[in-house]
Amino acid sequence: MKFSFRWYGEEDPVKLQYIRQIPGMRSIVTAVYDVPVGEVWSTYSITRLKEQVEQAGLIFDVIESVPVHEDIKLGLPTRVKYIENYKENIRRLSKAGIKVICYNFMPVFDWTRTQLDKVLADGSTALVCYKEQLEKMDPLRGELSLPGWDSSYTKDTLAGIFEQYAMVDEETLWSNLEYFLKEIIPVAEEYDVKMAIHPDDPPYPIFGLPRIITDEKNIDRFLKLVDNQYNGLTFCTGSLGSGSFNDVVKMVDKYASMGRIHFMHIRNVKLLADGSFEESAHYSPCGSMDIVEIMKALYKNKYDGYVRPDHGRMIWGETGRPGYGLYDRALGAMYLTGIWETLGKE
Ligand SMILES: [Mn+2]
């Protein structure tokens with residue numbers, strides 16, 4: 001298992017030098033942020049990122065994410081150009097040493113929460129998603145203040161995109177995903193880059209938009225669209241685990257045994273009775289996930305891919321990017337490292 005940590009580049013208040021000080025830390029998970037979605041990443045920016053990471057004594061081999069342009073998800077004729085750009089990004093990243101690319105196929109909105117700084121009983125703050133609040137949110141009405149969603153859309157363009165998605169039901173989204181995979185996976189294979197789709201977060205439709213990477217049945221279908229090792233998963237325990245219908249341990253075991261997990265995001269969530277959830281500390285008793293059983297499933301299958309502690313709470317007075325502070329993620333990393341070391345001695 002290769003331990004990694006997400007870093008948002010020079011703007012990130014968490015310094016690479018601090019990440020290096022987490023015992024067992026190996027790789028940096030990052031991305032080029034200076035180009036619009038859908039464009040080709042400059043070799044200059046990629047090389048610069050690589051140099052920064054390596055100067056800190058860490059390895060540059062995982063990208064999260066190369067975002068998929070909305071026209072690809074919508075299946076518009078312009079997707080041809082954006083898919084060619086995507087292929088070029090795979091080639092360029094491969095040449096820089098990248099082994100895994102994480103991406104997602106969620107229409108319009110990436111991960112969605114209703115509050116980013118909910119104060120928990122111990123005084124830490126965490127990201128939460130309360131069903132009741134979510135149902136009241138309407139991105140098309142009033143001021144859009146969706147926490148965490150740094151929108152590049154104005155209200156008018158957003159209305160236009162929603163109108164386009166009115167034509168895209170789940171089956172259409174599936175066929176648009178299949179088209180995309182059939183184009184890019186051969187390039188990923190040729191350049192030895194494992195593509196790892198991130199599940200939808202939360203794993204059910206929101207705001208009337210379809211979501212398809214949500215549960216075991218759909219992940220089975222996804223893997224069969226292009227039945228090739230290079231078409232794999234970022235298995236996010238928090239995203240899939242925030243649907244109570246998902247048996248996360250069973251799914252980790254199944255997909256790890258198939259060799260289709262290339263990247264693990266491990267975090268805990270506390271499920272509430274109405275389907276809401278709160279992000280919690282990694283330690284199993286703090287939430288609804290059994291992190292030890294998840295690690296055991298990986299160990300049993302000799303998992304050799306990447307793992308990173310996913311979102312953390314804000315603790316010890318730290319401020320910064322919600323979910324991506326240093327302290328709680330470092331605690332999570334050590335917890336995972338400790339479990340992994342123990343399993344190796346049993
Ligand atoms: Mn994740």
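Let's start at a turn: in the hairpin formed by strand 5 and strand 6, five residues lie between the strands, and one of them, Gly 123, takes a positive phi near 90 degrees. Keep in mind as you look around that this is a predicted model.

Strand 6 itself covers residues 125-129 and is mostly covered, with four of its five residues buried. Strand 6 also has a partner in strand 11 (residues 277-280): two bridges join them, and again the two run antiparallel. Here Val 128 has Glu 278 of strand 11 as its bridge partner.

Eight strands close it in the order 1-2-3-4-7-8-9-12, with parallel pairing. On average, neighbouring strands of this sheet are turned by 30 degrees against each other, direction ignored. For a closer look at one pair, take strand 3 (residues 59-64) and strand 4 (residues 100-104), which pair in the parallel sense over three bridges. Within this pair, Ile 63 has Ile 101 in strand 4 as its bridge partner.

Helix 7 (residues 170-190) touches strand 7 (194-198) and strand 8 (231-236), and its direction makes about 140 degrees with that of strand 7. Helix 12 (residues 327-344) packs on the sheet as well, touching strand 1 (2-6), strand 9 (261-266) and strand 12 (306-309). The direction of helix 12 makes about 135 degrees with that of strand 12.

Key
Residues are numbered from 1 along each chain as its sequence is written. This is a predicted model: local features need pLDDT of at least 70, side-chain atom pairs count only at pLDDT 80 or more; totals for chains, interfaces and linings use all residues. A residue is buried if 20 or more other C-beta atoms lie within 10 Å of its own, exposed if 12 or fewer, and partly exposed in between; C-beta atoms are placed from the backbone. Two strands pair if DSSP finds at least two bridges between them. Axes are lines fitted to C-alpha atoms, for helices over the stretch in contact, and angles run from 0 to 180 degrees between N-to-C directions. Two residues are in contact if their C-beta atoms, placed from the backbone, lie within 7 Å.
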